[in-house]
Amino acid sequence: MSFLEVFQYTRQDSVVHRLDPRSKLVMAIVLAMISLLFMNIVPLLILLSVLLPLIGLARSLQRWAKSMSGLSVLIVFIVIFNTLLSTVANPFSYSIALSLRLIALMSSFSLFFLTVHPDELSQALIQMGVKFEFAFAMSMAMRYVPTLGQEAYAIMDAQKARGVELDRGNILKRIRNIVPIIVPLIIVSIRRALSIAESMESRGFGACENRTYLEQLKFTRHDWALVLVSVVSFCFLVYVRFYLALPPWMSWGLPF
Amino acid sequence: MALIEFNDFSFKYVGSDSLALKKVNLSVEAGEYVVVSGPSGCGKTTLCRAINGLVPQFHRGYIAGNVFVDSKSTRENSVADMAGITGLVFQNPSNQLVTLNVEKEIAFGPENLGVDPAEIRKRVEHLIHLLGLEHLREKHPHEMSGGEQQRVAMAATLALRPKILVADEPTSNLDPQSAEMILELIAEQNREGMTVVLVEHRLDVVAKDASRLILMNEGSVVADGPPEDVLLMDICQDIGIGIPKAVEVFKRLRSKDLHLPEVPMTGEDLVRIFREVVEHDSA
Amino acid sequence: MIQLDDVHYAYDGLYPALRGVSLEIDEGESIAIMGSNGAGKTTLLKHLNGLLRPQKGHVFLDGEDTSKYSVAQLSRQIGLVWQNPDHQLFLDSVEKEIVFGLKNLGYDEEEVSDRCDRTLERLGLTHLSHRSPFSLSGGERKRVALASVLAIEPRILALDEPTIGQDARQKERLAKMLDQMNEEGRTVIVVTHDIEFVIEHFPRTLAMSEGIIVADGKTEAVLSNPTIVERCSLAVPQMTIVAQGLHQLHPEVSPRLTQVNEIESELIRLAGGI
């Protein structure tokens, strides 16, 4: 699952990291939609040639490369299956384009998730009008996922020491073996949730209507510029795609 | 009226068939350092919850009598209303850290109460400095040790500027040095005027700071007084309280007719007192 | 009987937890492992029954490399009791909980019920045998978890932080039980922060810091050594503080005393000597 790392925030200081999450969200959505506009190899390659420098600006090329190599198995799979099963004219060319589109889509969103701290994300949601309780629930999920994972491992260890063999036996036995893991995990989580609730309650969670925030996100000139560029290029490309014919070199494809 | 007042307070949790607190009468004055101890299930945790209103506002159940904290009845005020008066630190540090970094964590309480952001920023910086948390600023709670987590939890509680700090076994998951650091922080707060209520099993490490020791058993207060008096009572053996080793030595010497003029709470105390006796005798 | 030979382990291959640990534990020993959080104590325990395998080095049990055996096989010899009982309890009665492990490890019906009854009685849990573990108090749940391991009657019993959240009386009861296990010839290994508990019940102490063993020897020698105490985030025992204070006044008093009765007799001697 290492390809998911590309959606994980990395603590870094870069031009991209410093942008407001809302402007980055607009950019990511625009980039993703552009990748859905085209189904030809050349435009998708051009898109990638825009995406890669952006990821480079976010100082995350290495992580991106690692994730993509994790994805390579899936891509080979897509290419083989589509080439064999697809009914389009040039199945191989089509599969390559499909894979490029997948990479472009992932890269667009990774640009967002790599550079937006979960706290910023929830703050952005709050400032876009989402209720604090909901936005906070999301950031709390981020907070406790690693804890839960650790707990799951501890439980597995405890049960293995009592003779539960998690990776032995037929499917039925394996499913049965999940019970000694899941039940304690649920119970431990409920106990934990209660104690977290106590702690939050004691610190006035939900106490007053006018909750304040230590930090507010600010839209800077850079952010406006990014939104403007994103929206304008999107409109332009939609126009190109639907009202102008693509020049032949753009719709070039492999002959098979 | 004292800062904390329990008047014939009884409480039974929903679904339980015995009283967690039985007609507790207690008053704590501003500035006291109270240590509460007793065997498991004696009602210490319920007592803590009653001081900040978690009992009866969050944990519901049968109630009789009243608790007043800073003249406010916990029956009539929500936990959030009490949050600025009583700060509660819990046993498990990781369950008290609900955000993803130290600044947010410290700001969480004041934000909830609608404190002005500039004021919150001031408190955050002050507490980060006071508790030595600079190096943790950018860390995910998951990456911190238990002792570090508990220090952050302390800071987050103090950010509400409470009059009373209640801590329910805050060091039981920590190694001795981290524990000592947390206890020293609590003692420091008390010296600055904070009223402290600390629940702790290990009296050998906290008795020296306390101005008052309360023992509980089966929901009732069974002893209440200065630690040097309470620790000599037979009730300690009866309900299974582990007394500090220095007190143990004092008692043994006393039974052999060697009387020390003071009850020592720590090893250092014992050496000092013994030395005074010997020097006095030889003079 | 247990032998670790230069054991290295790093989580995810990145975060070193053990950095070359070698040690020997004999049959019937009673030993405490101390050190700060993250020193590698729990990681060490997990190597004993194969939950973790050394990335470098070897773990031997009775002279045989444990890499040949599965966790389940090793668990019959080495019982691990965890800090949090809720990590293993999942059935709706105390009895079933104890039977579960025994059945997994392949004991026959009769043996299972025999051992279950024996263990329940030993830990004073017989009256709770049909209760659901989830309705019990924290201390009782801890005892149920302990029972589920004891029922296997392992030759080596290893406990991770057994005293956390236990009051003085529960600790005493636990200590008595461990002493008894030890007298039966079983090896007892405890990971703990509880200094007084170690002083009273464990003759040998292993102090760890950052994945290596800093000291291994007689408990009073280890815990009265200020350098080790500092390095492993421990604290000097109260009686040792007294001994060190007395030592400065009267050099003939050993600064390494740890027990109440030792201090008592020194004080009586000094007071009488005037």
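Four strands of chain C form an open sheet in the order β2-β1-β4-β5, with antiparallel pairing. Strands count as paired if DSSP finds at least two bridges between them. Helices (H or I, at least four residues) and strands (E, at least two) are DSSP runs, numbered from the N terminus. The model is predicted: local features need pLDDT of at least 70, side-chain atom pairs count only at pLDDT 80 or more, and totals for chains, interfaces and linings use all residues. Residues are numbered from 1 along each chain as its sequence is written, while chains are lettered from A and ligands numbered from 1 in the order in which they are written.

The edges of the chain C sheet are β2 (15-25) and β5 (64-65), each pairing on one side only. Strand β1 (residues 2-11) of chain C runs antiparallel to β2(C), and eight bridges join the two. Within this pair, C:H8 stands opposite C:R19 of β2(C). Helix α1 (residues 41-48) of chain C packs on the sheet and touches β1, β2 and β4 (56-61) of chain C. Its direction makes about 60 degrees with that of β2(C). Axes are lines fitted to C-alpha atoms, for helices over the stretch in contact, and angles run from 0 to 180 degrees between N-to-C directions. Contact requires C-beta atoms, placed from the backbone, to lie within 7 Å.

Chain B also has an open sheet of four strands, in the order β2-β1-β4-β5 with antiparallel pairing. Its edge strands are β2 (21-28) and β5 (72-73) of chain B. Eight bridges link β1 (residues 4-13) of chain B to the antiparallel β4 (residues 61-69) of chain B. B:K12 stands opposite B:Y62 in β4(B). Helix α1 (residues 44-52) of chain B lies across β1, β2 and β4 of chain B, at about 120 degrees to β1(B).

Chain B is assigned domain 1 (4-228) and domain 2 (244-283). These bounds come from an automatic or database domain assignment. The domain centres, taken over C-alpha atoms, are 34 Å apart. Six residues of domain 1 of chain B contact five residues of domain 2 of chain B. On the domain 1 side, α8 (203-206) and α9 (227-230) of chain B each supply at least two residues.

The contact between chains B and A takes 36 residues from chain B and 27 residues from chain A. On the chain B side, α3 (79-82), α4 (102-112) and α5 (117-130) each supply at least two residues. The most come from α4(B), with seven residues.

Definitions and conventions:
Two residues are in contact if their C-beta atoms, placed from the backbone, lie within 7 Å.
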